[in-house]
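Reader: I'm new to this one and would like to learn how to read it. Could you take me through the sheet, the helices on it and the parts packed inside?

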Amino acid sequence: MSNPRGGAPRTPTLVMAPSHVAIVRFTSLGDVIHGLPVAAAIRRHFPQTRITWLVEEREEIVLRDNPVVDDVVVVPLRRWRRGAMSVAGWRTWLVESRAIKQRLRDGGIDVAIDMQGWVHKTSHAVTLTRASTRIGFSRSHSRDSFSPLFTNRHVTPPAEARHIVDQNLTLLQPLGITDPGPAAFPMPAFADAEVRAEAWRRSHGIGPQHRLAVILPSTRGEPKRWPADRFREIGRRLLEDPSTILLITGGPGEGPILEEARFSLPADR
């Protein structure tokens, strides 16, 4: 659609609230969490709209029983790939993929949002929804040059949308949501985890008078890793509050990175 005042084309917007939106973001855990503000904004603007999320098995933990997600469709690409060399694996793929395909076709989905934009992962799933409105990033911002071929509403985030959360929220523009409000990250209750966490806090003498701050200085992929001295500076500033207890955590093999982030910080806090 052309802009009558000149300039870049405008993205057409829906006139009515969608009845059923499918968000497609398979991986990874942090990226799925970064997408939660999109679901929260849809829920806030269209309370009656049903929201379904297509996701991988490992990442579904933050979507099951989430207050802004009505239904979760698990697309286990990792498991399918692991079983691709066996007859049993192929049979499993055939049965499960057929069930997913039928579920999406019967869902009455009228809007699909491809937040990941990988032609070898999410694009096919977007097509299977049969949504009349399929939203994704424009070619200049997509993960590959082919995924925009599977969407029909293309969004180019403005230059000021530097963080991926802000870029994701621009995908709501074709729905008429140009001001999504503050980013919200609703999570499931995780009642069992809360019990374990409370037991851990008690065992370490951490009570309601304390402020527990957790820093995770490592991530997958060197280009995405923030320098350890930056985390160390954050830790130093947090510890200016005498009630703060700082926890620096990570996964197997990340000990040196954690030690680098902890270097020179008070050991008793």
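Reader: Let's start with the sheet: in what order do its strands lie?

Author: This is a predicted model, and in it six strands make an open sheet, ordered S3-S2-S1-S4-S5-S6, with parallel pairing. From one strand to the next, the twist averages 20°.

Reader: Which strand pairs with S1, and over how many bridges?

Author: S1 (residues 20-24) pairs with S2 (residues 50-55) in the parallel sense, over five bridges. To follow the pairing by eye, find residues that face each other: Ala-22 stands opposite Thr-52, and His-20 has Arg-50 as its bridge partner. On to the next pair: S2 and S3 also run parallel, joined by four bridges, and there Trp-53 stands opposite Val-72.

Reader: Is S2 mostly buried or exposed?

Author: Buried counts as under 20% relative accessible area. Five of the six residues of S2 are buried, so the strand is largely enclosed by the rest of the structure.

Reader: How does the chain get from S1 to S2, and what is the handedness of that crossover?

Author: The chain goes from S1 through H1 to S2, a β-α-β crossover that is right-handed. H1 (residues 29-45) packs on the sheet, where it touches S1, S2 and S4 (111-114), and its direction makes about 165° with that of S2. H3 (residues 87-105) packs on the sheet as well, touching S2 and S3, with its direction at about 150° to that of S3.

Reader: What about aromatic rings: how many pairs does a search of the whole structure find?

Author: Two aromatic pairs turn up. To read a pair, check the distance between ring centres and the angle between planes; over 60 degrees counts as edge-to-face. Trp-90 and Trp-93 are edge-to-face, at 5.5 Å centre to centre and 80° between the planes. Both lie in H3, three residues apart, about one turn of the helix. Trp-93 is partly exposed, with a relative accessible area of 33%.

Reader: And what geometry do Trp-226 and Phe-231 have?

Author: Their ring centres are 5.2 Å apart and their planes are at 85°, so this pair is edge-to-face. Trp-226 is partly exposed at 43% relative accessibility, whereas Phe-231 is buried at 14%.

Reader: Which residues does Leu-172 contact?

Author: Setting aside neighbours within four places in sequence, Leu-172 is in contact with Val-38, Ala-41, Ile-42, Ile-113, Ile-177 and Pro-180.

Methods:
Residues are numbered from 1 along each chain as its sequence is written. This is a predicted model: local features need pLDDT of at least 70, side-chain atom pairs count only at pLDDT 80 or more; totals for chains, interfaces and linings use all residues. Side-chain values use heavy atoms; hydrogens and water are left out. Two strands pair if DSSP finds at least two bridges between them. Helices (H or I, at least four residues) and strands (E, at least two) are DSSP runs, numbered from the N terminus. Axes are lines fitted to C-alpha atoms, for helices over the stretch in contact, and angles run from 0 to 180 degrees between N-to-C directions. Contact means heavy atoms within 4.5 Å. Rings of Phe, Tyr and Trp (its six-membered ring) pair if their centres lie within 6.5 Å; planes under 30 degrees apart count as stacked, over 60 as edge-to-face and the rest as tilted. Buried means under 20% relative accessible area, exposed over 50%, partly exposed in between (1.4 Å probe, protein chains only). A crossover is right-handed if, with the strands pointing away from the viewer, the path from the first strand over the helix to the second runs clockwise.
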